[in-house]
Amino acid sequence: MINRILIRIKVIQILYSYFLNIKRDIPTVEKELFFSLEKAYELYNMFLLLMINISELQARKLDAAKHKLLPTETDLHPDTRFIDNRFMKQLSENNQLKKFVANEKISWINQEELIKSLLDQIISSDIYKEYMASSESSYQADREFWRKVFKNILCNNEDVIQALEDMSVYWNDDVEIVCTFVLKTIKRFEEGAGEDQSLLPMFRAEDDKDFAKELLRRTILHHEEYNELIQAQAKNWEFERIAFMDLVIMQTALAELTGFPSIPVNVTLNEYIEIAKQYSTEKSSTFINGMLDAIIDILKKENKLLKN
């Protein structure tokens, strides 16, 4: 699940804190980085669990209505299409998710009001009304319903984001990218896989874990060298006036440019320019692009930028 885009962002966030505050030893910083990445994977599972909890609440509400003192005909014979959703039943029984929930003890147990509010938002939505009125009854329709619900109602929901921020400071900047992983997971589900449907692994590949560790270490160990390169190209711009986040982004970019021969220069440049747009000042991306372009030219002339 965790791709190199998220790894770069997490490394920069950890390095920002590391360089700004009292420096810790590298193993401690490494541990913090991987804890942050683990929390991102926990958030992924939290979102999957959220959908299940919403469906379970509706099932309890329909059951309670049947046992009222004077139930109506609708109470006794409700439309159960929502709670009988085949995709949701499969997700609820998923072995990988159940194991993660049990081992990590994640839950929305203290968010009852939020779950109720989200259920109300779903039921009042056009997505729900169209789904319940549709004549199509298939696994694909059930899965598509929850994809639409997650994308349009749950993902980037202000109340959900606030609840997650209250639960963990590590989730403040992760919601948007983790939502894309959840949507990808929903699309991957196949009815025939049953309870053994595979979820996304924490790391897409083992070398991504190595990439995270090496990028962090290399930036810390060589940051003075990178600062000299940046300072030499600052020209009319005083080094002290460079935004601190811009400096960290450029240091990390230089660590990747010089330390990972298999990653093309344009890929590295594009990734860090995008990070600057999201996490630094309005003009940072243009400034960083110009600075890195100039430094790359020098590194090439000095044969210090070797690519496969």
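Where is the place of Gln197? Gln197 sits in the loop between helix H10 (175-188) and helix H11 (206-221). The model is a predicted one, in which local features need pLDDT of at least 70 and side-chain atom pairs count only at pLDDT 80 or more, while totals for chains, interfaces and linings use all residues. Residues are numbered from 1 along each chain as its sequence is written, and side-chain values use heavy atoms, with hydrogens and water left out.

The chain as a whole comes before the details. The protein chain has 15 helices and 0 strands; helices (H or I, at least four residues) and strands (E, at least two) are DSSP runs, numbered from the N terminus. Its C-alpha atoms fill a box of roughly 80 × 35 × 35 Å, taken along the principal axes. Of the 308 residues of the protein chain, 48% count as buried. Buried stands for under 20% relative accessible area, exposed for over 50%, and partly exposed for what lies in between, with a 1.4 Å probe and protein chains only. Among contacts between residues at least 6 apart in sequence, 80% join residues at least 24 apart, a contact being heavy atoms within 4.5 Å.

Back to Gln197. Its relative accessible area is 6%, so Gln197 is buried. Not counting residues up to four places away in sequence, Gln197 touches Gln90, Asn94, Gln96, Arg188, Phe189 and Glu190. To one of these, Glu190, the side chain of Gln197 reaches at the backbone nitrogen, at 2.9 Å.

Aromatic rings come next. The structure holds 14 aromatic pairs. Rings of Phe, Tyr and Trp (its six-membered ring) pair if their centres lie within 6.5 Å; planes under 30 degrees apart count as stacked, over 60 as edge-to-face and the rest as tilted. One of the pairs is Tyr41 with Phe100: the ring centres are 5.6 Å apart and the planes stand at 90 degrees, so this pair is edge-to-face. It links distant parts of the chain, with Tyr41 in helix H2 (residues 26-66) and Phe100 in helix H5 (residues 95-104), 59 residues apart. Both Tyr41 and Phe100 are buried.

Phe82 and Phe145 also form an edge-to-face pair, because their planes stand at 85 degrees, with ring centres 5.9 Å apart. Phe82 lies in the loop between helix H3 (73-76) and helix H4 (86-92) and Phe145 in helix H8 (residues 139-154), so this pair ties together parts that are 63 residues apart in sequence. Phe82 and Phe145 are buried. Ring pairs link Phe82 and Phe145 with Tyr128, Tyr131 and Trp146 into a cluster.

Tyr131, a member of that cluster, also has a charged neighbour: Arg81 lies over the face of Tyr131, at 4.5 Å from the ring centre. A charge sits over a ring if NZ of Lys or CZ of Arg is within 6 Å of the ring centre and within 35 degrees of the ring normal. In another such arrangement, the charged end of Arg4 sits over the ring of Phe211, 4.4 Å from its centre.

Asp126 is in helix H7 (residues 126-133) and is exposed, with a relative accessible area of 53%.

What links Cys155 and Cys179? They form a disulfide, with their sulfur atoms 2.3 Å apart; the cut-off for a disulfide is a pair of cysteine sulfur atoms within 2.5 Å. The structure holds 1 disulfide. Cys155 is in the loop between H8 and helix H9 (158-167) and Cys179 in helix H10, 24 residues apart. The link is right-handed, with 125 degrees about the S-S bond. Cys155 counts as buried at 11% relative accessibility, and Cys179 counts as buried at 1%.

Backbone angles close the tour. Most residues other than glycine have a negative phi. Phi of Asn156 is near 65 degrees, a positive value. Asn156 lies in the loop between H8 and H9 and is partly exposed, with a relative accessible area of 45%. Lys105 has a positive phi too, near 55 degrees. Lys105 lies in the loop between H5 and helix H6 (112-123), and its relative accessible area is 70%, so Lys105 is exposed.

Key. Polar contact = N/O pair within 3.5 Å; in protein donor to acceptor, adjacent residues only side chain to side chain.
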